[in-house]
Amino acid sequence: MSAAAAAGPTTSPTFSPTGTFVPGEPWSSGVRRGPDGALSVGGVDVRELAAAQGTPAYVLDEADLRERARSYRRAFETAFAEVGAGVDVYYAGKAFLSVAVARWLHAEGLRIDTATGGELAVALRAGVPGEHVGLHGNNKSDAEIARALDAGVGRIIVDSLVEVERVAAAARARGGAPAPVMLRVTTGVHAGGHEYISTAHEDQKFGLSLATAPGAQDEDSPAMTALLAVLAHPELELLGIHSHIGSQILDPSGFEVAARKVLELRAALAARTGFLVPEVDLGGGYGIAYLPGEVSLDPDRIAKDIAASVAATSAELGTPLPRFSIEPGRAIVGPAGLTLYTVGTVKPVRVAGGGAGPEAETFVRTYVSIDGGMSDNIRPALYGADYHAELANRLSDAAPVLARVVGKHCESGDIVVHEVLLPGDVRAGDLLAVPATGAYGRSMASNYNHVPRPPVVAVAEGETRVLVRRETEDDLLALDLG
Ligand code: LLP
């Protein structure tokens with residue numbers, strides 16, 4: 001939550017009074033406000049979308065998503081080519097994955113990073129070649145490992161010493177070529193918006209630490225031990241070292257610090273064994289704008305900075321540059337999506353303003369209930385994430401009110417937008433659009449309160465295409481065996 005949200009009705013710069021809609025971040029590039037005041041996405045009027053698809057609905061701007069994929073690929077390929085290194089962009093499917101999206105990204109030259117057997121199944125169903133798919137996971141099942149090997153995935157990112165043995169055993173049982181593995185390390189670099197989404201500090205479940213135990217300088221770090229274990233297995237091919245430092249990162253210096261640590265580990269392994277690890281994966285985490293006035297990381301700038309930094313580090317270490325890969329998820333799909341809701345109950349609530357004693361000031365917060373909530377966007381409840389909302393079906397010149405956009409679930413924490421100015425005449429039947437919900441919206445959606453999950457509808461050049469249909473109560477009841 002922003003400081004403003006905690007403090008009450010301030011004129012925080014994150015406020016954007018309705019009616020002042022400006023195209024651009026945090027909206028996808030295809031969002032416009034038409035002459036009669038309604039928003040459109042990719043040439044489709046939101047009123048038409050809502051009438052045809054119902055609400056809530058996740059709306060994905062295909063052209064915007066593809067352009068973001070292209071710009072990440074172009075930016076990194078260009079910047080890394082300038083320092084003499086190759087790079088692959090893996091789209092992190094956890095942000096949102098469907099067969100169509102996997103196909104679009106494959107067509108744009110991206111590869112797909114999966115974190116479970118389920119995500120792997122979607123990538124394979126989409127026809128993405130196995131060698132362009134990676135499999136992550138801190139607790140892969142035998143079935144997931146077997147499926148990845150059978151599909152001929154390009155990399156399994158191994159997360160523990162135990163898993164080195166398990167992947168080796170599975171590869172041995174199959175015979176054939178050694179299984180290509182990367183080892184996920186934790187560099188101690190802590191970056192990103194919230195503790196739960198920051199993954200490379202030490203006290204968490206992912207990867208193997210680069211740090212040795214205090215007072216045990218002559219012992220190998222868990223990361224070095226695991227690298228040596230991979231090299232000792234003829235069934236495994238040590239393809240790379242992987243580092244993911246967190247998510248929604250807006251200060252890019254963490255990538256450079258983490259990359260240095262990984263390159264140092266690579267040089268230390270080479271000095272020890274003569275084996276130079278061919279690839280380094282720097283993970284995902286590139287931050288985006290959620291609110292008006294915020295700015296997403298610029299892929300051109302960050303690619304140049306990281307490329308220059310890894311080139312300098314490699315020169316200093318006297319090791320040739322490896323091939324690189326990155327795994328953006330949010331930065332590709334997040335800004336391309338918005339959620340469309342219908343307004344229901346609108347309720348003014350008098351709230352204490354934080355003053356002391358009986359004279360405490362009060363103010364009115366208008367609770368605007370929409371037909372979805374924490375089941376389609378858990379991020380505000382889980383991370384205190386801030387979102388913006390805009391009246392989408394009409395313009396209004398009513399004086400703005402301080403509003404909180406809430407869902408229909410049985411929880412007071414069921415909040416989609418903590419605070420936003422909406423026109424004072426916002427009423428049942430209006431449409432609200434919440435931008436930047438393309439990542440970790442549908443992919444983290446639940447059926448809390450037996451609410452069916454919304455569809456994902458793609459729009460492009462005035463055409464609408466349902467990528468994932470709306471769930472029905474029958475879908476939910478079909479799982480209930482009575
Ligand atoms: N690679 C690895 C190994 C990851 O664990 C993640 C995200 C990514 C790539 C993609 O990160 P991105 O570029 O999308 O930031 N559910 C949270 C974020 C957790 C992300 C976990 N891993 C959220 O809603 O913010």
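This is a predicted model: local features need pLDDT of at least 70, side-chain atom pairs count only at pLDDT 80 or more; totals for chains, interfaces and linings use all residues.
Local features rest on residues with pLDDT of at least 70 and side-chain atom pairs on pLDDT 80 or more, whereas totals for chains, interfaces and linings use all residues. Residues are numbered from 1 along each chain as its sequence is written, and side-chain values use heavy atoms, with hydrogens and water left out.

The chain is divided into domain 1 (3-62 + 335-478) and domain 2 (83-331), with bounds that come from an automatic or database domain assignment. The C-alpha centres of domain 1 and domain 2 lie 34 Å apart. To the contact between them (heavy atoms within 4.5 Å), domain 1 contributes 25 residues and domain 2 contributes 20 residues.

A nonpolar core is taken as a set of buried Ala, Val, Leu, Ile, Met, Phe, Trp, Tyr and Cys residues joined through side-chain atoms within 4.5 Å. Buried denotes under 20% relative accessible area, exposed over 50%, and partly exposed the range in between, with a 1.4 Å probe and protein chains only. The largest nonpolar core comprises 109 residues, of which Leu60, Phe76, Phe80, Tyr91 and Tyr286 touch the most other members. At least three residues of this core come from each of domain 1 and domain 2. Apart from neighbours within four places in sequence, Phe76 is in contact with Ala81, Val87, Tyr286, Pro299, Ile302, Ala303, Ile306 and Ile326. A second, separate core has 17 residues, including Leu39, Val59, Leu340 and Val459.

Helices (H or I, at least four residues) and strands (E, at least two) are DSSP runs, numbered from the N terminus. In helix α8 (residues 222-231), the buried residues are Ala223, Met224, Ala226, Leu227, Ala229 and Val230. Among the elements that cover these buried residues of α8 are α7 (161-174), β9 (179-186), β10 (208-209), β11 (236-242) and α9 (253-273).

Pockets and cavities were located on a 1 Å grid over the protein atoms alone: a cavity is a set of points where a 1.4 Å probe fits but cannot get out, a pocket is an open set with protein on both sides within 12 Å along at least five of seven lines, and lining residues have an atom within 4 Å of a point. Grid points are joined across faces, edges and corners, and a volume is the space filled by probe spheres set on the points. The largest pocket has a volume of about 840 Å³. Of its 40 lining residues, Lys94, Ala115, Glu119, Phe206 and Tyr440 are the closest to its centre. The lining of this pocket draws at least three residues from each of domain 1 and domain 2, and α5 gives the most, with 3 residues. By class, the lining of the largest pocket has 15 nonpolar, 16 polar and 9 charged residues; Ala, Val, Leu, Ile, Met, Phe, Trp, Tyr, Cys and Pro count as nonpolar, Asp, Glu, Lys and Arg as charged, and the others, Gly among them, as polar.

The structure holds 2 cavities of 30 Å³ or more. The second largest cavity, with a volume of about 60 Å³, is lined by residues including Tyr58, Val59, Leu60, Phe96 and Arg442. Strand β4 (57-61) and strand β14 (337-352) each supply at least two residues of this lining, and β4 gives the most, with 3 residues.
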